[in-house]
Amino acid sequence: MGTIATQAIGEFIGTFVLLVLGNGVCAAVNLNKSKAQGADWIVIALGWGLAVTMGAYVGGMMGPAHLNPAVTIAFAVIGLTKWAAVVPYIIAQFLGAILGAAVVWLAYLPHWKETKDADTILGVFATEPAIRSLGANFVTEAVGTAVLTLGLATFGHGSMADGLNPVVAGLLIVAIGLSLGGPTGYAINPARDMGPRIAHAILPIANKGGNDWAYSVVPFFGPIVGGIVGALIFAVLPI
């Protein structure tokens, strides 16, 4: 798969595509006067699943296409990723996420002025819980990400037709979103939440409010903990 630098470029481009499409579906469904406004949770779950699939195909040309610091760290813990690659991958993932979110801002430029609710605007970029309870929210994020890393590690262990892994990974994201996404909006990826949250903070977005940094620790650390747990479960399976 080339050098770590090449693989990191793959992580950057793949995560960029992930966020353009993922934040894009959130914008489409939530911003005023969007033709997709009011589409339901199923649309968001499908949109994010397809975003992961497309990002994995693009990023997978150059590297493992983790697109997610929690996956990178978890796979390093169980020896599926070299520790030397962890920091370059994560930096690339965060940069790709920030840039992807910025592109969504540009793509929906007139709609921010039409959307007066600051929480709705923040929700396009970052996750917010349905019921704010940081401990419970942390557990939800950890559980969702444990399912993610367990599933991804299992897919990599088994035999699939060439090129099929990104599709199955996308279906896993859809399943997590539909089944476990209700309480927190299922960040299950520190870069997916923190990167766009940073973009929200620095971009001149009309009608935006605060960035809710107090909550940001949940979708940052919850997925890391859960991702490691899921990977360790995979590591002890008798396979």
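Trainee: Which helices do the buried residues of α10 pack against?

Mentor: This is a predicted model, and the answer is to be read from its contacts. The buried residues of α10 pack against α3 (69-77), α7 (134-157) and α9 (190-202).

Trainee: Which residues of α10 are buried?

Mentor: Buried means under 20% relative accessible area. In α10 the buried residues are Tyr215, Ser216, Val218, Pro219, Gly222, Pro223, Ile224, Gly226, Gly227, Gly230, Ala231 and Phe234.

Trainee: How far apart are the end C-alpha atoms of α10, and what should its residues span?

Mentor: Helix α10 covers residues 213-236, and at 1.5 Å a residue its 24 residues should span 34 Å. The end C-alpha atoms are 36 Å apart, which agrees. The 16 residues of α8 can be read in the same way: they should span 22 Å, and the end C-alpha atoms are 22 Å apart, which agrees.

Trainee: Which residues of α8 are buried, and what covers them?

Mentor: Pro166, Val168, Ala169, Gly170, Leu172, Ile173, Val174, Ile176 and Gly177 are buried in α8. Their cover includes α2 (41-59) and α7. A residue to look at from the α7 side is phenylalanine 155, found in helix α7. Phenylalanine 155 has a relative accessible area of 18%, so it is buried. Setting aside residues up to four places away in sequence, Phe155 touches Met160, Asn165, Val168, Ala169 and Leu172. Along the chain, Phe155 and alanine 136 are 19 residues apart, and their C-alpha atoms are separated by 29 Å.

Trainee: How are two packed helices described?

Mentor: Two numbers are used: the angle between the axes and the distance between the axes. Here, helix α1 (residues 4-30) and α4 pack at an angle of about 35°, and their axes are 7 Å apart. The crossing of α1 past α4 is right-handed. By class, this contact has 16 nonpolar, 7 polar and 1 charged residues.

Trainee: Which residues of α1 and α4 meet?

Mentor: From α1, the residues include Ile4, Ala8, Phe12, Phe16, Leu19 and Asn23. Those they face in α4 include Pro88, Tyr89, Ala92, Leu95, Leu99 and Val103.

Trainee: Is asparagine 23 buried or exposed?

Mentor: At 0% relative accessibility, asparagine 23 counts as buried. Asn23 is found in helix α1 and, apart from residues up to four places away in sequence, touches Trp48, Ala101, Val104, Val124, Phe125, Arg192 and Pro196. For another pair, threonine 6 and lysine 33 are 27 residues apart along the chain, with 41 Å between their C-alpha atoms. Threonine 6 is found in helix α1 and counts as partly exposed, at 30% relative accessibility.

Trainee: How many residues does the largest nonpolar core have, and which have the most contacts inside it?

Mentor: The largest nonpolar core has 52 residues, and those with the most contacts inside it are Trp48, Trp112, Phe125 and Tyr186. Helix α4 (residues 86-107) gives the most to this core, with 8 residues. Beyond its neighbours within four places in sequence, tryptophan 48 is in contact with Leu18, Leu19, Gly22, Asn23, Val25, Cys26, Ile173, Tyr186 and Arg192.

Trainee: What is phi of tyrosine 186?

Mentor: Most residues other than glycine have a negative phi. Phi of tyrosine 186 is near 45°, a positive value. Tyr186 lies in the loop between α8 (165-180) and α9. At 6% relative accessibility, Tyr186 counts as buried. Isoleucine 188, also found in the loop between α8 and α9, has a positive phi of about 40° although it is not a glycine. Ile188 counts as buried at 4% relative accessibility.

Trainee: Where is histidine 200, and which residues does it contact?

Mentor: Histidine 200 is in helix α9. With a relative accessible area of 0%, His200 is buried. Its contacts, leaving aside neighbours within four places in sequence, are Ile121, Leu122, Phe125, Ile205, Lys208, Gly209, Gly210 and Asn211.

Technical notes. Residues numbered from 1 in each chain as written. Predicted model: local features only at pLDDT ≥ 70, side-chain atom pairs only at ≥ 80, totals over all residues. Heavy atoms only, no water. Helix = DSSP H or I, 4+ residues; strand = E, 2+ residues; numbered from the N terminus. Expected span 1.5 Å × (residues − 1). Buried < 20%, exposed > 50% of the residue type's maximum accessible area, 1.4 Å probe, protein only. Contact = heavy atoms within 4.5 Å. Core = buried A, V, L, I, M, F, W, Y, C linked by side-chain atoms within 4.5 Å. Axes fitted to C-alpha atoms, helices over the stretch in contact; angles between N-to-C directions. Left-handed = near helix turned anticlockwise from the far one by under 90°. Nonpolar A, V, L, I, M, F, W, Y, C, P; charged D, E, K, R; others polar.
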